[in-house]
Amino acid sequence: MNQQTIDRIRKFTDDRDWEQFHSPSNLAKSICIEAAELLECFQWDDNYDIQHVKEELADVLVYCRNMLDRLGLDEDEIVNSKMDQNEKKYPVDKAKGNSDKYDSFV
């Protein structure tokens, strides 16, 4: 996410004095709620409205950005750390084309 977008999200929150409601637990709940609304776009079939998908996905991303801010986390750092873990758990030679969970790799 570029800095201009991050600043816009922060300004939106600041202008409304909503940071007071952004406890980690409230933000985690909001992320789940918005993710469920995103999932609802695909509830019965794959005939989805891309505009609705974009709106719900944006809501998830905004709440994730707010969570990063609240916890003082860097998105690149935590994503790269998790990717390091995933690359170890899912080596290409065992995981390529395979949807099994990592604990099935022996």
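**Stop one: a loop and its patch**

Start by selecting leucine 73, which sits in the loop between α3 (50-71) and α4. Keep in mind that this is a predicted model. Is leucine 73 buried or partly exposed? Its relative accessibility is 36%, so leucine 73 counts as partly exposed, since that label covers values between 20% and 50%.

Together with Leu73 they make up a nonpolar surface patch with about 400 Å² of accessible area. Helix α4 (residues 75-89) supplies the largest share of this patch, three residues.

**Stop two: along α3**

Next, select α3 and look at its ends. Just after the helix comes glycine 72, with a positive phi of about 65°.

Which residues of α3 are buried? Colour Val53, Glu56, Val60, Arg65, Asn66, Met67 and Leu68 to see them. Show α1 (3-15), α2 (24-40) and α4 as well, as they are among what covers these buried residues.

**Stop three: a buried histidine**

Finish with histidine 22, in the loop between α1 and α2. Histidine 22 counts as buried because its relative accessibility is 10%, and the cut-off is under 20%. Beyond its neighbours within four places in sequence, histidine 22 contacts Thr13, Leu27, Asn66 and Arg70.

How values were computed. Residues numbered from 1 in each chain as written. Predicted model: local features only at pLDDT ≥ 70, side-chain atom pairs only at ≥ 80, totals over all residues. Heavy atoms only, no water. Patch = residues over 30% accessible without salt bridge, like charges linked within 9 Å, V, L, I, M, F, W, Y side chains within 5 Å. Areas by Shrake-Rupley, 256 points an atom, 1.4 Å probe, with all protein chains shown as cover. Salt bridge = Lys/Arg side-chain N within 4 Å of Asp/Glu carboxyl O. Helix = DSSP H or I, 4+ residues; strand = E, 2+ residues; numbered from the N terminus. Buried < 20%, exposed > 50% of the residue type's maximum accessible area, 1.4 Å probe, protein only. Contact = heavy atoms within 4.5 Å.
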